[in-house]
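Me: Could you walk me through this one? I have the sequence and the structure open.

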Amino acid sequence: MPAAPNDVRRFAALDEVDRAILTELAADGRLPNNALAERVGVAPSTCLTRTRALRESGAIRGFHAEVDPAAVGLPLQALVSVRLTAHERAAVDAFRARSVRLPGVVSVFHVAGAEDYVLHVRAASGDALRDFVLDHLAVDPVVQHTQTSLIFEQARGMG
């Protein structure tokens, strides 16, 4: 059975330099290799090799641009909590696999508590958000209940 995505045991072999690289890239993913190497105190060639190894191990999941959702026509954001009717692994895994491919879904969180999942969704309007819930979640036979919370403002934390 493969390790869970958040299983810290997968990364037990990371040393201080690897963790420093990860910290610097988390703060600025566009940091050039030479500057990164200087900040963590290693040669540029060593830094490049370690960064590649961190990508291959899954410690670095990817690089992305943080784009204002309004700039791409999706100014409305919401968190949609989802409670499933069935909790067998196959049903849970199938819902997760479907939900990450739904239009407008930014992130899918499998959570503990009264709800099973929270979907971070972007939409063009309130009508589009309502249609998303009705067309993709309300009709899903494993979805028992949804609750939608609009996001008024989003700020990125340092962690």
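**Domains, helices and a hairpin**

Reply: Gladly, and please keep in mind that this is a predicted model. The C-alpha centres of domain 1 and domain 2 lie 35 Å apart.

Me: Which residues belong to domain 1 and domain 2?

Reply: The protein chain is divided so that domain 1 covers 16-57, while domain 2 covers 69-151.

Me: OK, helices next: at what angle do the axes of H1 and H2 cross?

Reply: Helix H1 (residues 16-27) and helix H2 (residues 33-40) have axes that cross at roughly 130 degrees and come within 10 Å. Because of that angle, H1 is oblique to H2.

Me: And is the crossing right-handed or left-handed?

Reply: The crossing of H1 and H2 is right-handed.

Me: Which residues meet there?

Reply: From H1, Ala 20, Ile 21, Glu 24 and Leu 25 meet Leu 36, Arg 39 and Val 40 of H2. Sorted by class, the contact of H1 with H2 has five nonpolar and two charged residues, with no polar ones.

Me: Switching to the strands, in what sense do E2 and E3 pair?

Reply: Strand E2 (residues 105-110) pairs with strand E3 (residues 117-123) in the antiparallel sense, over five bridges. In this pairing, His 110 stands opposite Tyr 117 in E3.

Me: How many residues sit between E2 and E3 in the hairpin?

Reply: There are six residues between E2 and E3 in the hairpin, and Gly 113 in the turn has a positive phi of about 120 degrees.

Terms used
Residues numbered from 1 in each chain as written. Predicted model: local features only at pLDDT ≥ 70, side-chain atom pairs only at ≥ 80, totals over all residues. Heavy atoms only, no water. Axes fitted to C-alpha atoms, helices over the stretch in contact; angles between N-to-C directions. Helix = DSSP H or I, 4+ residues; strand = E, 2+ residues; numbered from the N terminus. Parallel < 35°, antiparallel > 145°, perpendicular 65-115°, else oblique. Left-handed = near helix turned anticlockwise from the far one by under 90°. Contact = heavy atoms within 4.5 Å. Nonpolar A, V, L, I, M, F, W, Y, C, P; charged D, E, K, R; others polar. Domains from an automatic or database assignment. Pairing = 2+ DSSP bridges.
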